[in-house]
Amino acid sequence: MNRFTLPRDLYHGENALDALKTLTGKKAIVVVGGGSMKRFGFLDKVVNNLKEAGMEVTVFEGVEPDPSVETVMKGAEAMRQFQPDWIVSIGGGSPIDAAKAMWAFYEYPDTTFEALCIPFNFPSAPRPSSAPSPPPPAPPPR
């Protein structure tokens, strides 16, 4: 048996960043990697869309490939200081994986890396009551 678990929603495809305008909350943190998201304008669009939703936004930049424990812990500390309602990650797998680990240490500060390494032991992420339901999936291409 195989299982793939993600604690939150992933949005992708054309106009996916526009979904950020529909989120409700007061604060969002954006987790991003080395710079291509900034160079190509995606980071600005994410920040602007979150601000359009009425949120205060901060950015955690510099997640390296194969993120280090140090980076994850710095991000978790940034989240504890900022207290975001939303954690948004853009870029490749490294920023997304780092954001998930940061979330675990932000929401569960007493957890350890060893505990998170146990299969099926990752804490669940209940959908906040203020979170919109995800949009229905697009029909498959013909």
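A search of the whole predicted structure finds 2 aromatic pairs, where rings of Phe, Tyr and Trp (its six-membered ring) pair if their centres lie within 6.5 Å, and planes under 30 degrees apart count as stacked, over 60 as edge-to-face and the rest as tilted. The rings of Trp103 and Tyr108 have centres 5.9 Å apart and planes at 80 degrees, so this pair is edge-to-face. Trp103 is buried, at 13% relative accessible area, whereas Tyr108 is partly exposed at 35%; buried means under 20% relative accessible area, exposed over 50%, and partly exposed in between (1.4 Å probe, protein chains only). Phe105 and Phe113 form a tilted pair, with 4.8 Å from centre to centre and 45 degrees between the planes. Phe105 is buried with a relative accessible area of 3%, and Phe113 is partly exposed with 27%. A further ring, that of Phe82, has Lys27 over its face at 4.9 Å from the ring centre; the criterion is NZ of Lys or CZ of Arg within 6 Å of the ring centre and within 35 degrees of the ring normal.

The model is predicted: local features need pLDDT of at least 70, side-chain atom pairs count only at pLDDT 80 or more, and totals for chains, interfaces and linings use all residues. Residues are numbered from 1 along each chain as its sequence is written, and side-chain values use heavy atoms, with hydrogens and water left out.

The chain contains 5 helices and 3 strands, arranged from the N terminus as β-α-α-β-α-β-α-α. Helices (H or I, at least four residues) and strands (E, at least two) are DSSP runs, numbered from the N terminus. Of the 142 residues in the chain, 32% are buried. Among contacts (heavy atoms within 4.5 Å) with a separation of 6 or more, 74% join residues 24 or more positions apart.

The largest nonpolar core has 16 residues, among which Val31, Phe60, Val63, Val72, Met79 and Met102 touch the most other members. Such a core is a set of buried Ala, Val, Leu, Ile, Met, Phe, Trp, Tyr and Cys residues joined through side-chain atoms within 4.5 Å. Two or more residues of this core come from each of strand 1 (27–31), helix 3 (69–82) and helix 4 (93–107). Helix 4 supplies the largest share, 8 residues. Leaving aside residues up to four places away in sequence, Val72 touches Ala98, Ala101, Met102, Phe105 and Phe113. A second, separate core of 15 residues includes Leu43, Val46, Leu50 and Val57.

In helix 2, the buried residues are Leu43, Val46, Val47, Asn49 and Leu50. Viewed down the helix axis, they fall within an arc of 165 degrees, so they line one face of helix 2; the arc is that of the directions from the helix axis to the C-beta atoms. These buried residues pack against strand 1, helix 1 (36–39), strand 2 (56–60) and strand 3 (86–89). Just after helix 2, Gly54 adopts a positive phi of about 90 degrees.

Asn49 is located in helix 2 (residues 42–52) and has a relative accessible area of 5%. Its side chain reaches the backbone oxygen of Leu17 at 2.9 Å. A polar contact is a pair of N or O atoms within 3.5 Å; within protein, one must be able to donate a hydrogen and the other to accept it, and residues adjacent in sequence count only if both atoms are side-chain atoms. Not counting residues up to four places away in sequence, Asn49 touches Leu17, Asp18, Leu20 and Lys21.
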